[in-house]
Amino acid sequence: MRLIRPGADYEGAAKTFEAWVGAGFLVPDPPSMYVHEVDFGGRRRRDLIAALRLQPYDDRVVLPHERTHSGPKEDRLALLRATNVSLEPLWFVYEGRGTGLSNIIDVVSERAPAVVFEGPEGTSHRLWTITDPALHAAVHAAIEALPVLIADGHHRYETALAHSEEVGGDPDSASRFTLALLTDLDDPGLQVLPTHRVLKAGVAVTGGEDMASLELTLQALGKQIAAGTYRDHRFQLLPLEGEVAVVELHKQVIDNILGKRNPEDFLLYTRDPAEAVRWVDEGVGTTAFFLAATDLRQVLKLAQEGKTLPQKSTYFHPKPPSGMVFHRLDPDRRLY
């Protein structure tokens, strides 16, 4: 927290980082990649941690799927300028089927881990260090031709790209890369949760099918492209035309209700559907909208077409912990 959430004391974060390095609390590794494993709720996910080359969105290699706002980027850019360190990994997903990368990760994770620790929300973590240049080359060959989708960290990616342009360095300088955690779309532990919406104003939505309860409404969402609604103590299932429910909910319903008004001024978000119901009952909002988890392959397809989704369309869980690995953004240090 002293490093990534220093308030406005960005220079203080930089001094803290250098003090920890000087005291030996943080120790430089040789050139390395890492495998990270998290166990949570009976599930297990394995990720690769590596340095990812920063590339503009126009290159169609790093793909965004959500819009960003200027405020968070200004804060993160000030921190990067002060520390010149990538302090926490940005999270990306990729389609690794047929690349052999999952086999490399499985082989590495058969060894004894370098670090074992407990995280928040009942998570358990293990971390392996990969120092073998032959394995580095194999990972690079497996993934270099693949586009990657930003799972979590749109603001931080754009900030890292802007900082890289400021700092400069040749194309293979450390400053041209960011710390990245990469997860295969086929990983059985990759969990995406829905984020429900509560509209603070607007007319009632009509044309839905009455549902007896919140539970039955949520169960029905996974069977078709639809959104659940709640207003005036009444649940409904609202069919939507299209491929991605959250996109069509905004396009066909929310945008029509709000007209030219900015949706972000009238929406509240929660991952707890019961909380959304409570907010409506308490008068905090007028209508709740419930969604099923978004299909990541549909998100990737839209991103490859250059399309973005509404804010908070995906929630990847659990988030990778900060503090496992840091990446110095030194323009004089080459990664190749």
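**Exercise 1. Overall form of the chain**

What share of the contacts in the protein chain with a separation of 6 or more comes from residues 24 or more positions apart? Work out also how the chain's extent and burial are described.

*Solution.* The model is a predicted one, in which local features need pLDDT of at least 70 and side-chain atom pairs count only at pLDDT 80 or more, while totals for chains, interfaces and linings use all residues. Residues are numbered from 1 along each chain as its sequence is written, and side-chain values use heavy atoms, with hydrogens and water left out.

Step 1. If a contact is taken as heavy atoms within 4.5 Å, residues 24 or more positions apart account for 79% of the contacts with a separation of 6 or more.

Step 2. The radius of gyration, taken over C-alpha atoms, is compared with a globule rule of 2.2 Å times the number of residues to the power 0.38. Because a compact globule of 336 residues would have a value near 20 Å, the 22 Å of the protein chain agrees with that expectation. Along the principal axes, the C-alpha atoms fill a box of roughly 60 × 40 × 40 Å.

Step 3. With buried meaning under 20% relative accessible area (1.4 Å probe, protein chains only), 50% of the 336 residues count as buried.

**Exercise 2. Strand E16**

Which strands pair with E16, and which way do its side chains point?

*Solution.* Step 1. E11 (residues 196-199) pairs with E16 in the antiparallel sense over 3 bridges, and Leu199 has Thr287 as its bridge partner.

Step 1. E13 (residues 226-231) also runs antiparallel to E16, joined by 3 bridges, and here Thr229 is partnered by Phe289.

Step 2. In a regular strand the side chains alternate between the two faces of the sheet. In E16 (residues 287-290), Thr287 and Phe289 point one way, Ala288 and Phe290 point the other way, and all are buried.

Conventions
Helix = DSSP H or I, 4+ residues; strand = E, 2+ residues; numbered from the N terminus. Pairing = 2+ DSSP bridges.
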